[in-house]
Each structure stands twice: as structure tokens, then as C-alpha cells.
Amino acid sequence: MHNANTTLPNVTLLGTTALLFEAPGALALAPQQRIWAMAGQLQALPEVREAVPGMNNLMLTFARPPRTLAALQTLQNTVLQAWESTAPLPLQGRIIELPVVYGGAGGPHLADVVAHTGLSIDEVVALHCAPLYPVYALGSHPGYCYLGGMDERIATPRRAVPIVNLPGGSVSIGGVQTGVSASAGPSGWNTIGSTSMDFFHPEQDPPAVLQPGDCVRFRVQDIVRAC
């Protein structure tokens with residue numbers, strides 16, 4: 001089921017293995033907290049294998065896929081009813097401080113963000129460090145956290161040509177979001193700095209260091225003004 005009205009939620013199938021709920025409206029903390037609550041509620045359904053919060057969405061993977069249109073409609077209605085009836089779930093997580101070296105070899109696109117925004121290097125860094133960023137969801141790659149709350153004055157479009165092998169610990173901006181790479185890999189975001197923190201340890205439980213409800217604060221360790 002899909003609705004073009006952005007004031008209403010959407011529920012769509014992801015092939016035959018999963019269902020995606022998309023919350024209406026802009027990305028914000030309160031609806032994200034409702035998604036966290038929905039995940040806990042819908043995880044208990046017998047047909048659901050896993051409820052995975054995303055950014056303004058919730059994916060349900062099937063343990064027992066609906067076999068009929070009626071069963072699928074019932075599940076969709078259950079998901080929509082959960083959205084209407086669920087209150088936001090504030091998660092009291094930890095505050096993790098990340099020291100960041102802005103610019104230089106670890107932040108090769110800081111100059112691009114400066115050029116796009118018309119701000120100075122110091123202004124971009126100050127605006128990036130000012131918020132306390134809540135962890136909205138985990139995804140993209142193991143340990144990666146999607147953060148909310150970035151100042152829109154430093155929003156910068158994703159790069160036209162992605163970086164093939166971005167190092168782990170890279171602090172980047174993509175659109176109105178910022179994040180930190182947990183491991184090396186490709187990225188289309190603008191890398192403005194780097195941190196030395198490790199975000200994923202397979203031998204631990206949970207293996208991801210940061211969890212939804214935690215908060216991240218960036219601290220200026222250094223600003224390199226030339227490569």
C-alpha cells in the first residue's frame with residue numbers, strides 16, 4: 001500500500017521478505033521515538049522476524065510471510081494502527097564525546113562545505129560541534145549510526161562522484177545529516193574530519209558501540225587549515 005500524501009504514512013512491500021513503514025512528515029526526534037516504540041511492539045508479532053528502525057521508517061522482516069492478500073492487508077492495518085496508537089519512546093542513552101580533527105587529509109571536503117555554505121572554516125566547525133546529536137538509527141554498515149539534529153546552515157548536497165574507500169572514523173555531511181563511518185568503504189558524503197574511535201566490535205554484545213537513544217557530541221581536537 002502506498003500513499004502519495006506526505007501527511008500520511010506509507011506501507012510498502014520489499015519483495016516477499018519484508019515490509020517497510022515510512023512515517024509522514026520531516027525527519028525529527030519525536031516521530032523517530034515513535035518508530036522505536038513501534039519496533040518493540042511489532043517485534044512480538046508471530047509473522048515478524050525482526051523489526052529494524054531506520055531514518056523515519058521501520059522495516060519488518062518476515063518470519064512467516066503473509067500468504068494471502070487478506071493476511072497482508074491485516075498486517076498492514078496492524079502496522080498503521082500501531083503508528084496511530086504508539087506514544088514516543090524516549091530512550092535514556094549515554095552521551096559519547098568524539099574528538100575530531102577537522103580538515104587536512106582526514107577532512108578533504110571541508111573546503112567544499114565552506115564553499116557551498118558561504119561560511120568560514122571556523123563557523124562550519126562551530127556549527128557542527130554545537131548540537132548534541134541523538135542516534136536515530138543504525139544502518140548502512142555495521143556500527144554506523146544515523147544522527148539527527150544537525151544545523152541546516154551547514155547542510156551540503158552529497159557528492160556527484162562518491163569516494164570509493166572512505167576510512168573508518170570519517171566525519172561527514174550528506175544533505176541535512178551528519179555521521180561517522182564505522183569502517184572503511186564507499187561514501188557519497190562530504191568528509192570534513194576524522195575521529196579515532198572504533199564503533200563496532202563483533203565479539204561484544206551488542207557489537208555496535210552506539211545504540212538508538214545514545215547521543216554524540218563532537219569536540220574539536222584540532223583544525224587543519226591546509227592539507
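Is Asn56 buried or exposed? I looked this up first. Asn56 counts as buried, at 12% relative accessibility. The cut-off for buried is under 20% relative accessible area.

**Entry: the model itself**

I note that this is a predicted model. I checked the confidence next. The protein chain has a mean pLDDT of 90. In that chain, 97% of the residues reach 70 or more. Confidence is highest in helix H4, residues 121-129, at 97. It is lowest in strand E8, residues 163-166, at a mean of 87. I then looked at residues 1-5, where the pLDDT is below 50. In the model this stretch has eleven contacts beyond near neighbours in sequence.

**Entry: back to Asn56**

I found Asn56 in the loop between strand E3 (48-54) and strand E4 (57-62). I also read its backbone angle. Asn56 is not a glycine, yet its phi is positive, at about 65°.

**Entry: aromatic pairs**

How many aromatic pairs are there? I got a count of four. A pair needs ring centres within 6.5 Å, and planes over 60 degrees apart count as edge-to-face.

I took Tyr133 and Phe218 as one of the pairs. Their ring centres are 5.3 Å apart and their planes stand at 65°, so I logged the pair as edge-to-face. Where do the two residues sit? Tyr133 is in strand E6 (residues 133-138), and Phe218 is in strand E13 (residues 215-224). The pair therefore ties together parts that are 85 residues apart in sequence. I checked burial for both. Tyr133 is buried, with a relative accessible area of 0%. Phe218 counts as buried too, at 2% relative accessibility.

I went on to Tyr144 and Trp189. This aromatic pair is edge-to-face, with 6.4 Å from centre to centre and 85° between the planes. I placed Tyr144 in the loop between E6 and strand E7 (145-147). Trp189 lies in the loop between strand E11 (185-187) and strand E12 (190-194). The pair links distant parts of the chain, 45 residues apart. Tyr144 counts as buried at 6% relative accessibility. Trp189 counts as buried at 8%.

Which residues form a cluster through ring pairs? I wrote down Tyr144, Tyr146 and Trp189.

**Entry: a charge over a ring**

What lies over the face of Trp83? I found Arg34 there, at 3.7 Å from the ring centre.

Notes: Residues numbered from 1 in each chain as written. Predicted model: local features only at pLDDT ≥ 70, side-chain atom pairs only at ≥ 80, totals over all residues. Heavy atoms only, no water. Phe/Tyr/Trp six-rings, centres within 6.5 Å; stacked < 30°, edge-to-face > 60°. Helix = DSSP H or I, 4+ residues; strand = E, 2+ residues; numbered from the N terminus. Buried < 20%, exposed > 50% of the residue type's maximum accessible area, 1.4 Å probe, protein only. Lys NZ or Arg CZ within 6 Å of the ring centre and 35° of its normal. pLDDT = per-residue confidence, 0-100. Contact = heavy atoms within 4.5 Å.
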